[in-house]
Amino acid sequence: VIIATGTFLGGKIHIGDNNFPGGRADEKGADELSRSFNNFGFRMGRLKTGTPPRLHRDSIDFDRMEIQPGIDPPPFFSRAAYKDWQMFHVEHPVHGNGGSRKMFHVEHESDPLRPWPPGADQIRCYLTHTTDLTHQIIEGNLGRSAMYGGMIESTGVRYCPSIEDKIVKFRDKERHHVFIEPEGRTCVEIYPNGTSNSLPEDVQHEMIHSIPGLERAVFIKPGYAIEYDFLDPTQLFHTLESKIIENLFLAGQVNGTTGYEEAAGQGFVAGVNAVRKLRGEPSFVVSRNEGYIGVLIDDLVTKGTDEPYRMFTSRAEHRLVLRQDNASFRLVEHAEAIGIKSELELDEIKSRMADVGAEIDRLKATFSNGDSLAQMLCRPEISYRDLPGVNGEFDDELIRQIEISVKYEGYINRERQRIAKSDKLEYQRIPRDIDYDIITALRHESREKLKAIMPENLGQASRISGVNPSDIAILSVWIKKSGSNA
């Protein structure tokens, strides 16, 4: 069973001093499920998030706002999408709702998961700002806000503050951004990003109408704050399976994270591991030096969280090797193991990796005017295409890999040495049935922390607050002497 409750677990919606149970607007919460978790002995906490009102597209004066066009050509997460964009589209200038170049799809597909070609007909967003009047309205009604009126006590999202929080905590700012975002291609709902709040509905109307371009905005739904239960994620293995109930997997905000991206990553890992466990296959775990999903999950299951967790690159100690440009290369073995790429795609990725390696070797072995081509490429003003005798068939992606690998080789090699050193601890497993109380050489604090987290390996144990290097050395010796390194 995989449970991904979002904000529904014991959810309570707040609009000013009006509050009522609910998982989100017009939907019931999951109160019985919350009580069930509590009865099974799960450690639980309470968090808070919020959302802006939803406005009708046709009531907004876009001419008073600054256009925020999409990037053209768009940057794709997926190489498959990029290849589709290259192969199946030709460009025609168009002046329409998107304002960008219209993409004509040469070969139409019926895949319901891809209802339109990647990167086609991008829809504009818009930018406007709060005003002095907006701030006056909010400050004058803070006592009626659920957050500042004392109705909410749980911890909110630090990095996505409500409009009340921004007005109170950043009084020196004359205005704040409001991004006007469409909810979909055919949907009339507009999301005024930056106006999340827990104010009464009448105040929300006044506040929104004080923002340029929104003077006549029609509300479809008011904004609101929502409190909900979450489970302490240190009660999970790295597979996101519960340590308390076997075969129960948890993903998303129920584990204490913030919204979409963190939830999507966890849902993927939980789904893959649930299926692999049913099949009797090895677990799927991305390590901290392989991907940001690995950093996210390791932080959760090792350190826990007391506020909605947001993934940042700064949380990754090995971020120099966790680059967006090399994702397909560093994760190819995982993709192959769990079967999410065809043999043809895997062979192509491996062939490209080999091409990069071979070309780097050639650059190091080929000299011009006393310097190797690799040495020349290290110069800031030199790019790959500036070198003599380069391979003219290499595309931009391969060239980028070659340039990064050569220009930053020293930094990358040092990072890989650090990774190799830390990997030794990751590979030393800690038996699940270990009794920390009989390891008397461990400090009392360390024993308590280790019993609470039940780390899966020495690497994870070393990242627990309060467990120091001498504790790890003692634990390593004990595991080896007991013959329990499994």
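Let's start at one residue, Ile-293. Beyond residues up to four places away in sequence, Ile-293 touches Gly-265 and Val-269. Its place is in helix α7. Now pick a residue elsewhere, Asp-121. Ile-293 and Asp-121 are 172 residues apart along the chain, and their C-alpha atoms are separated by 31 Å.

A word of caution before we go on. This is a predicted model.

Now the whole chain. How many helices and strands are there in the chain? There are 16 helices and 16 strands. The C-alpha atoms fill a box of roughly 70 × 70 × 50 Å along the principal axes. The chain has 486 residues, and 45% of them count as buried. Next, contacts. Take those with a separation of 6 or more: 68% of them join residues 24 or more positions apart.

Back to helix α7, which spans residues 292-303. Thr-302 lies in this helix too. Is Thr-302 buried or exposed? Buried, because its relative accessibility is 3%, and the limit for buried is under 20%. A polar atom of the Thr-302 side chain lies 2.8 Å from the backbone oxygen of Asp-298. What else does Thr-302 contact, leaving aside neighbours within four places in sequence? The list is Thr-234, His-238, Ile-453, Gln-460, Arg-463 and Ile-464.

In total, 50 residues line the largest pocket. Nearest its centre lie Phe-76, Phe-77, Ser-78, Gln-324 and Ala-327.

On to the strands. Strands of a sheet pair through backbone hydrogen bonds, either parallel or antiparallel. Here we have an open sheet of six strands, with antiparallel pairing. The order is β6-β9-β10-β11-β5-β12. Which strands stand at the edges? They are β6 (66-68) and β12 (219-221). Each has a single partner strand, so one side of each is left without a neighbour in the sheet. Neighbouring strands of this sheet are turned by 35° against each other on average, direction ignored.

Let's zoom in on one pair. Strand β10 covers residues 177-182, and strand β11 covers residues 189-193. They pair in the antiparallel sense over four bridges. As an example, Phe-179 has Asn-193 in β11 as its bridge partner.

Last topic: backbone angles. Most residues other than glycine have a negative phi. Two residues to look at here are Asp-26 and Leu-240. Asp-26 is not a glycine, yet has a positive phi of about 65°. Leu-240 is not a glycine either, and its positive phi is about 75°. Both sit in loops. Asp-26 lies between β3 (18-21) and α1 (31-39). Leu-240 lies between β13 (224-231) and β14 (249-250). Are they buried or exposed? Asp-26 counts as exposed, because its relative accessibility is 74%. Leu-240 counts as buried, at 1%.

That's the tour. Questions are welcome.

Technical notes. Residues numbered from 1 in each chain as written. Predicted model: local features only at pLDDT ≥ 70, side-chain atom pairs only at ≥ 80, totals over all residues. Heavy atoms only, no water. Pairing = 2+ DSSP bridges. Axes fitted to C-alpha atoms, helices over the stretch in contact; angles between N-to-C directions. Buried < 20%, exposed > 50% of the residue type's maximum accessible area, 1.4 Å probe, protein only. Polar contact = N/O pair within 3.5 Å; in protein donor to acceptor, adjacent residues only side chain to side chain. Contact = heavy atoms within 4.5 Å. 1 Å grid on protein atoms, 1.4 Å probe; cavity = no way out; pocket = protein on both sides within 12 Å on 5 of 7 lines; lining within 4 Å.
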